[in-house]
Amino acid sequence: MDKKQWKTVAISAATLLLLFLLVIWVFRDHYQEILRNIQAVSIRELLLLLGMGLAYQMLESAVCFAMIRRRLPTFSYRQAVEVTFLGVFGNVSTLSVGSVPMQSYYLHHCGMMTGCGIGTMMLEYIFHKSSVLIYTTVMLLFQGRWLSETGRGFSRYIPLGYGICALIIAALVLLCAWEKVQWFASWVIDHLPNTEKWEGRKRLWKDNLSSLHTESPKLLHDHWCLLKVLLFNGLKLFCLYTIPFLCMEILGISGPSFWHVQLLTALMHLISNALPNVAGVGPVEFAFVLIFSHYMEYAQASSALILFRVATFFFPFILSILVFLRTKACTERFSENLIHRNRK
C-alpha cells in the first residue's frame, strides 16, 4: 500500500477505536456484568451473528444491483457489493457526508454518469426509508395491542419517528417529482456564493438535481424493478431485525418472543432514523436501550446491544476498509488506462 492508503487505513482504524471506546464509556457503570455476558459467547455463536450482519449487507447489495443493472447492463453483483460497502466506509470515515459521493465516483468508473449515479443512490435511500415505514406499520397492525399494554414508556417516541421519517421521504419525493420544488432548490443553489470554488459545486449540484428528476420517472415506470427492490428491502429488514433476537438467545436472556422482537427492533430502527447521528453512532444505541430495557435488565439490554452493533456496525466497517482499498486500486488503474488510451 502507498502512503495515501496507509493514511486511509490509519484514519479508519482510529475512527473505529474511538467509536469502540465511546461505547465502553457509555456502559462503564455496568461493564463487569456486560463483560461476563459477552465472554460467555462462543466462537460459533459469534460467527452466526457476523454471518447475519453480512447477510444484511448482501441483501442491501441486491437492492443496489436491481436498481443499477436496469441502467447499466454490464454491472455485476460483485460491483453492487462494493458500492454497498463503500457506502458503509464513507458513512463512518467521513462522518456521514461522503457515502453518496464515494459511491457515485465508483459508479462513474463503472460507466454510469455521475449525476445518474447520485440520483439512483438517493432513490435507493427513499425506498429504504419507505420500506422501514411499511415494515413497522405491518408489525404494529398485528401486534399493536401487545405494544400498547407493555410499551407505554417509549410509545410517545413512535409518532416522532413516523413524522420525521415521513417528512424526509416526502421532501425527497417532491424533489424528484415536482418541478416547483426543483425550481426552488435550483434558485437556492444559484444564490450561494459566486466564488470560483462554489461555482464548480453549484454546477455539479444542479446537474445532479436534473439527473434525479430525469431518473425518478424511469424507475417508477419499471414495475418489475420496483417489485424486486421492495422484496429485497423487506428481506434485508427481516434479517436485520432478527439479529437482536439471536443476541438475546445467545446471551440466555428470557425476553420477548421472536415476532415481538421484530416489532421492537422495527420501532428502534424507526426512532433511530429520526434522530441526528455522527458516523452512524448515537441514535441506534439510545433507541435500543430505551426500548429493550423495558423487557429485561439494563445490563442485559446493553450486552445484546453490543453484540448487535458488532454484527451490524463494527464488522461491516472493517470489511468496508478492505473493499475501499481494493476499489481504490482498481479505479486508479482504470484512470491510468483511460489516460494512456487518450494519449494514443
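This is a predicted model: local features need pLDDT of at least 70, side-chain atom pairs count only at pLDDT 80 or more; totals for chains, interfaces and linings use all residues.

Me: Is phenylalanine 258 buried, partly exposed or exposed?
Reply: Buried needs a value under 20%, and exposed needs one over 50%. Phenylalanine 258 has a relative accessible area of 23%. That value lies in between, so phenylalanine 258 is partly exposed.

Me: What kind of aromatic pair do phenylalanine 245 and phenylalanine 258 form?
Reply: Their centres are 5.3 Å apart, and 85° lies between the planes. An angle over 60 degrees sets the class. The pair is edge-to-face.

Me: How many residues apart in sequence are the parts that this pair ties together?
Reply: Phenylalanine 245 lies in helix α10. Phenylalanine 258 lies in helix α11, residues 258-273. The parts tied together are 13 residues apart.

Me: Which residues form one aromatic cluster with Phe245 and Phe258?
Reply: The cluster contains Phe245 and Phe258.

Me: Why is the pair of tyrosine 135 and tyrosine 241 edge-to-face?
Reply: The structure holds 13 aromatic pairs. In this one, the ring centres are 5.1 Å apart. The planes meet the cut-off of over 60 degrees, because their angle is 80°.

Me: How many residues apart are tyrosine 135 and tyrosine 241?
Reply: Tyrosine 135 sits in helix α6, residues 114-150. Tyrosine 241 sits in helix α10, residues 223-251. The pair links distant parts of the chain, 106 residues apart.

Me: Is tyrosine 241 buried or exposed?
Reply: Buried means under 20%. Tyrosine 241 has 1% relative accessibility, so it counts as buried.

Notes:
Residues are numbered from 1 along each chain as its sequence is written. Side-chain values use heavy atoms; hydrogens and water are left out. Rings of Phe, Tyr and Trp (its six-membered ring) pair if their centres lie within 6.5 Å; planes under 30 degrees apart count as stacked, over 60 as edge-to-face and the rest as tilted. Helices (H or I, at least four residues) and strands (E, at least two) are DSSP runs, numbered from the N terminus. Buried means under 20% relative accessible area, exposed over 50%, partly exposed in between (1.4 Å probe, protein chains only).
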